[in-house]
Amino acid sequence: MKIQVPLVNGLLAGEYGSFAPEEDRINGKPAKSFPIKISDVPAGTKTFAIFMNDFDSVPVCGFAWIHWLAANIPGDVREIPADASRKEPFEMVQGSNSNRSKFLPLNSGSPVGYTGPQPPSGVHKYTLRVYALDSKLDLPHAYWLNEFLYKSKGHILEEAVIDLPFSATQG
């Protein structure tokens, strides 16, 4: 399986992170998800799941930041359009991101679905994983990453991974 995300000068476009306009923010944090193309899907794929995180956040906040969890995306989808997290152009269930942490103030961006990159300095690499699954997973709205990991065990047909660099200084 292959996944593609458009980059601008080798970086995820600013509109999907720190440089998002006000109308694409929730409680001040970027909320417009980027488009994803999926190809070479394994036979038997019933659904897809998305997991995006930032391991470069560990020195900044002490943990890998979860930016997006989504599951039960129909297996016939080959393009996830921009802003799919807010517009939900097909059936899916979205999980909790790190804005839902009890260590952050209430109203720190959207706690469910996509929350865009906002590195404090330099370039962070955001890891996007797309999973092809052989079934629909029994996950509730706002599920946690550990719930996905437990429920997907034995159902992952294939996983595609790419790093998406985002710069604190792009415009």
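How many bridges join strand 5 to strand 6, and in which sense do the two run? In this predicted model, where local features need pLDDT of at least 70, side-chain atom pairs count only at pLDDT 80 or more, and totals for chains, interfaces and linings use all residues, 7 bridges join these antiparallel strands. Residues are numbered from 1 along each chain as its sequence is written, and side-chain values use heavy atoms, with hydrogens and water left out.

Strands are DSSP runs of E with at least two residues, numbered from the N terminus, and two of them pair if DSSP finds at least two bridges between them.

| Partner of strand 6 | Sense | Bridges | Residues opposite each other |
|---|---|---|---|
| strand 5 | antiparallel | 7 bridges | M52 and W68 |

Because 9 of its 10 residues are buried, strand 6 is largely enclosed by the rest of the structure; buried means under 20% relative accessible area with a 1.4 Å probe, protein chains only.

A nonpolar core is a set of buried Ala, Val, Leu, Ile, Met, Phe, Trp, Tyr and Cys residues joined through side-chain atoms within 4.5 Å. The largest such core has 28 residues, of which F34, I36, I50, I73, I80 and L128 touch the most other members. Strand 4 (36-39), strand 5 (47-54), strand 6 (65-74), strand 9 (123-133) and strand 10 (156-167) each supply at least two residues of this core, and its largest share, 4 residues, comes from strand 9. Apart from this core lies another of 13 residues, among them A49, L137, L145 and F148.

Key. Buried < 20%, exposed > 50% of the residue type's maximum accessible area, 1.4 Å probe, protein only.
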